[in-house]
Amino acid sequence: MNNLQNKIIIHRGSHQIGGCVTEIRTPNHRIVIDFGANLPGSGREDSRADEELLAKVFNGEACDAVLFTHYHGDHIGLYKKIPADIPLYIGPTAKKIMEILTEKLDSIPGTTQKGLPRVQAMKSYLPGDRLDSFGDIQVTPLIVDHSALDAYMFLMEIGGKKVLFTGDFRDHGIAGENNRLEKAVRVYIGEIDILITEGTMLSRMEEAKENPIRTENDLGRRAGELFRDYKESVILVSSTNLDSIMEFYHALPWGMDFVCDAYQAKLILTAMKDKGKYDKKYRPEMIHGKPRRLYLIGDMEGLGAAQNCYKADFSILKRKGFTMLARENKPMFKKIMEHFPEPLIIYSKWKGYLKGKHEEPAIKEFIGNHRMEIVHTSGHAYVETIEKLIQMTNPKVIIPMHTECAEKFGEIPAFSRYRDRVRVLEDGEEYWF
Ligand SMILES: [Zn+2]
């Protein structure tokens, strides 16, 4: 007879990257971590499956909260469908970024259900501050490095056991500099009972080995070299990948200008305002004592000199040299590029979108016959980073998720010492602890 009464259920994401939904429950309380959409191009975008999942998780039974680790769609994408009486939680800066993003998405013609009211009603948690409002499930959110700004791990204390849910993480971006992950483990986490870890890179190990750009810092260095060689460049990067964007921004030589649209500028300004106090790289580049200007194309959307934003004038920018952040799905960028016959395209997204089963036609079309350089680093933990986390937290049980390689987890040489601790769950399976 066992007296285990608490449960972990990965409703979705035990064997795939994205679409994550995890439930943690005790006899009287339950919380859900992330409620993500399946990644576009994953071949799993099935709204019926989403509806079934929603009906299963939110079946009328009380739920204390849904906690989001970060704002990527594969973790938060289905938030609008969560019953309105369940409180949603997210990091404070992540909430601001969601607001900017959602305002934009809501304005797309044909959007039937506006997301902004729900996002505005989200509660914020603070790094290191324990949340005590979920009965016998105590959650401490801990800030982590990821390609989404203001992302969190959750340390949960339940029935005397410590469960660490990593969400998406890494330690080679800006927030991971100066051994922050190690410090967080030492100060807040210590040894744990159960580790639920992401394993995105386990199916991308070859790709990681081939990429000379290992860290965001490497990305900045390479971008600096390219900016010196090419007076005109266009960067294809996710508008919310603010670590990479800040690296590009700082790598641009003095005398050249930084161009983007108002939406992108709002995201950059939010990152600077909230995160500049913790990291120099989130602060403005100071040039002769003044912050580098952001030159905007398109509608200024209320931004101006007070926000250090100015209308882009390409007759001047062309003389000085510039780089422009672009999005392949926005025609305005392509139109502007027609004035620059030979810009270098700096491609800073996952390589998988360029060819193969995840190929994105809009990206291919945007790049066309232009000269292109791939300058990108992963948003996810390398095997060595996961190994380091395991070593430091010494979990009794390791549950992989957010991976295409759950079954092979124990076979990876770096993890072989821990093989007996690995417990692979199926979607929907109950793990009692
Ligand atoms: Zn993510």
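1. In this predicted model, Arg 12 has a relative accessible area of 7% and is therefore buried, since buried means under 20%. Its salt-bridge partner is Asp 50, with the closest N and O atoms 2.9 Å apart. Arg 12 belongs to strand β1 (residues 7–12) and Asp 50 to helix α1 (residues 47–57), so this contact ties together parts that are 38 residues apart in sequence. Asp 50 is likewise buried, its relative accessible area being 11%.

2. A second salt bridge joins the side chains of Arg 30 and Glu 61, at 3.9 Å from N to O. Arg 30 lies in strand β3 (residues 30–35), whereas Glu 61 sits in the loop between α1 and β4 (65–67), so the pair ties together parts that are 31 residues apart in sequence. Arg 30 counts as buried, at 2% relative accessibility, while Glu 61, at 34%, counts as partly exposed.

3. Arg 130 and Glu 157 form a further salt bridge, in which the closest N and O atoms are 3.7 Å apart. This pair links distant parts of the chain, 27 residues apart: Arg 130 is in the loop between β6 (123–124) and β7 (137–144), and Glu 157 is in strand β8 (residues 151–158). Arg 130 is partly exposed at 42% relative accessibility, and Glu 157 is partly exposed with a relative accessible area of 27%.

4. The pair in point 2 also belongs to a network: salt bridges that share partners join Glu 23, Arg 25, Arg 30 and Glu 61.

5. How many salt bridges does the count give? The total comes to 33 salt bridges, among them the pair Arg 12 and Asp 50.

Conventions
Residues are numbered from 1 along each chain as its sequence is written. This is a predicted model: local features need pLDDT of at least 70, side-chain atom pairs count only at pLDDT 80 or more; totals for chains, interfaces and linings use all residues. Side-chain values use heavy atoms; hydrogens and water are left out. A salt bridge is a side-chain nitrogen of Lys or Arg within 4 Å of a carboxyl oxygen of Asp or Glu. Helices (H or I, at least four residues) and strands (E, at least two) are DSSP runs, numbered from the N terminus. Buried means under 20% relative accessible area, exposed over 50%, partly exposed in between (1.4 Å probe, protein chains only).
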